[in-house]
Amino acid sequence: MQEGLDLMPQIRDKARELLTSGAVDCVIGYERASDGLTARPLFAYEPNDVDKLIFDQTCAHNLARFLVNKRDSTVAIVAKPCDSRAINLLLAEKQIQRERVYVIGVVCPGIVEATWGQIGDKLQARCQLCREHTPLVYDFLVGEPPAEEPPAEPYHDVAEMEAKSAAEKHSFWAEQFARCIRCYACRQACPGCYCTECFAEQLDPLWVGIRIAPMENEVWHIIRAFHLAGRCIACNECERVCPVNIPLSLLNRKLEKDVLELFGFRSGLSAEAVPPLATFKKEERLGMSE
Amino acid sequence: MIEGYQPKIIGFLCNWCGYAGADLAGTSRITYPANIRVIRVPCSGRVDPLLVLKSFQRGADGVLIAGCHPGECHYVEGNYYTRRRFALFHPFLEYLGIEKERFRVEWVSASEGKKFSKLVSSFTEELAKLGPRREA
Amino acid sequence: MTQIISRKDLLSWLERLIGERIVIAPARSNGMVLFQRASRAEDIVLDFDNTALSPKESFLPLSEALFTVDKENGNIKLMPTTVDEETVFFGIRPCDARGMALIDAPLLAAPADALYQQHRARTTLIGLACSQAGPECFCTSMGIAPDDPSNVDIMLTKVDDSYIVQAITEKGKALLPSDLIAESEVMPPPAPSLQAVLTEGIVEVMPGVFEAPYWSRLADRCLHCNICAYVCPTCYCFDIRDYIDEGSIERVRSWESCQSPGFTRLAGGYDPRSTKGARLRQRFYHKLSYFPEHFGLIGCVGCGRCVRYCPVNIDIREVISDIQKLGAQSEC
């Protein structure tokens with residue numbers, strides 16, 4: 001992990017100031033997890049809680065996921081650049097109010113691969129592909145914005161999958177989906193999955209079905225990914241929390257790539273952007289006949 | 001080609017154009033293969049990718065969506081959304097191992113009975129060449 | 001004198017068993033160790049901390065048809081699912097073996113769950129004592145030792161390159177390969193020591209902290225996924241639905257969890273556990289209060305899977321110690 005990353009005092013001071021003045025009811029940030037190594041979300045309600053706040057390269061969670069739960073109060077949130085894209089998404093989709101969220105933006109050095117009890121020294125794959133190291137929306141910025149350099153080939157693995165034959169693709173995905181235990185952690189960790197009733201829980205018609213079996217799992221994964229088409233902000237929390245290692249980013253990033261190619265759109269870059277499937281251009285053809 | 005194999009096609013036809021086009025083919029006595037099972041929808045914009053996926057899961061060899069030509073939607077702009085949605089979903093299906101030939105979005109107006117007939121014929125032929133889908 | 005089997009002979013025994021019946025054993029798969037049906041002894045993993053998912057899947061499958069419906073000459077016949085094949089479940093850890101014993105309590109109590117009962121009766125459990133403990137392990141706090149042979153048919157304890165073999169039950173004795181077992185004077189190694197969490201008195205403290213604001217604060221970070229319930233060796237909730245499809249009818253049972261949004265939703269829409277705090281609280285009350293009240297034992301075996309896999313680190317050990325503190329405060 002990088003040394004000299006000392007953003008903690010600034011985050012704590014700001015959080016203390018906000019809680020003491022009563023500007024916010026709660027600060028959503030990170031604290032040390034029970035393994036003493038990794039991080040977990042912290043909800044600080046009292047100025048005394050502030051000293052638990054940390055920020056380092058283990059702070060993986062996309063805390064924007066919690067904002068819809070806190071709609072009725074005013075909160076401050078510690079946001080990495082990817083989390084800030086989720087905040088923009090939620091603002092664009094009118095799920096949260098800008099004036100009720102105070103964003104403590106953090107310049108992010110990238111998050112390392114870690115599981116409970118174990119920290120690796122490699123950056124997460126999504127961080128190796130990251131194009132934004134500075135939050136896109138913030139009220140207070142912590143850290144020095146670096147010069148941004150786009151990654152060389154962000155869709156190398158997607159292209160490899162595309163090149164396979166239909167039979168190969170089919171058996172690859174069948175194997176991945178067969179493993180799913182349908183814990184729905186991928187949905188629950190996602191800042192874009194905020195429906196009060198998910199299609200997977202609709203009873204009539206029963207789109208997905210309660211059976212935890214290949215057919216049902218396939219519907220779940222394909223439609224989950226497609227509901228996030230043009231909305232996914234690539235925090236990759238779904239894949240990180242998956243207990244059976246299903247490569248969900250391969251689905252999400254295929255759609256991300258095609259959205260970029262077809263519509264020239266990346267989600268979460270602004271609070272005003274309309275998701276590409278919620279709009280259209282009359283003159284476009286998109287490879288279809290007239 | 002497998003001897004005697006008859007592909008199954010699920011057709012989601014919009015009430016105002018695709019379905020009316022199929023109707024015109026019928027009343028004009030223009031024949032087309034009986035391989036298509038028609039589901040009438042109010043607008044091609046109503047077709048959820050979930051319906052397409054479910055069709056494939058339940059044994060369809062091909063899925064067709066037929067709506068009004070862009071600019072001619074009965075609801076003014078429903079089919080513009082269809083176009084975007086399936087321009088994105090089509091390559092996604094292919095990525096998941098469903099050959100791209102198995103899915104079509106076509107614009108068929110109420111006056112295009114002949115076009116509808118040709119469309120179903122060519123789609124059926126193409127699917128017959130491709131053969132049945134692998135069992136899930 | 002103890003009976004031992006060499007590592008090599010253990011594998012030949014397993015190979016022999018694979019030829020005779022279904023063998024479920026730990027194997028590597030996509031970066032995890034999971035219990036899977038073994039087709040070759042060489043795929044079986046002998047050295048591992050514990051599997052990612054618990055063994056309960058073999059006895060209470062993710063999804064299983066309870067019965068199918070046959071129509072014959074206009075008559076309708078219910079065809080219950082039966083379990084006919086003998087299975088050997090190899091490599092179960094003492095904590096997980098206790099987990100199975102805990103699930104037995106509600107599911108085998110009269111009227112017993114017929115399908116679960118068959119799975120249990122047709123399976124011989126071969127336990128593997130733990131020679132080391134993971135950082136998430138706390139079985140000793142739940143009254144289980146890392147080499148506890150109580151809930152298995154045969155217990156194996158690793159010593160150097162061999163295993164001490166103990167037949168615990170008659171079923172276990174019948175399975176032992178007498179030709180591969182030797183007498184020896186080796187002593188079992190000391191069991192690893194684990195960090196402890198104070199569970200004494202927790203069952204008594206629970207009723208008094210039901211209304212504590214603690215639960216909704218804890219639920220702030222809970223994602224309400226089902227990971228904890230699905231990796232847990234003692235969670236046994238399920239949902240049932242009839243599948244009617246082109247003439248075939250079956251009643252299917254699948255895992256379900258008290259953390260899912262619709263778990264307690266009633267006809268008419270009312271949900272007595274509609275808030276996140278209430279759902280999360282239910283999980284801990286079931287383990288630490290209701291289960292011990294009914295069956296006499298805490299409904300947790302200290303395997304630590306929920307600790308390891310919870311995406312937001314809701315750590316049951318911390319929860320237990322927080323509750324103890326809350327209980328102590330309310331007494332003052």
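Chain A and chain B meet through 30 residues of chain A and 26 residues of chain B, where two residues are in contact if their C-beta atoms, placed from the backbone, lie within 7 Å. This is a predicted model, in which local features need pLDDT of at least 70 and side-chain atom pairs count only at pLDDT 80 or more, while totals for chains, interfaces and linings use all residues. Residues are numbered from 1 along each chain as its sequence is written, and chains are lettered from A and ligands numbered from 1 in the order in which they are written.

On the side of chain A that touches chain B, two or more residues each come from helix 4 (156-162), helix 5 (166-178), helix 7 (214-227) and helix 9 (248-263) of chain A. Helices (H or I, at least four residues) and strands (E, at least two) are DSSP runs, numbered from the N terminus. Helix 7 of chain A supplies the largest share of this side, 6 residues. By class, this side of chain A has 21 nonpolar, 3 polar and 6 charged residues; Ala, Val, Leu, Ile, Met, Phe, Trp, Tyr, Cys and Pro count as nonpolar, Asp, Glu, Lys and Arg as charged, and the others, Gly among them, as polar.

Chain C contacts chain A with 32 residues, against 25 residues of chain A. Helix 7 (227-231), strand 11 (238-245), strand 12 (248-255) and helix 9 (305-309) of chain C each give two or more residues to the side of chain C that touches chain A.

Within chain A, an automatic or database domain assignment gives domain 1 (8-142) and domain 2 (156-278). The contact between these domains of chain A takes 20 residues from domain 1 and 20 residues from domain 2.
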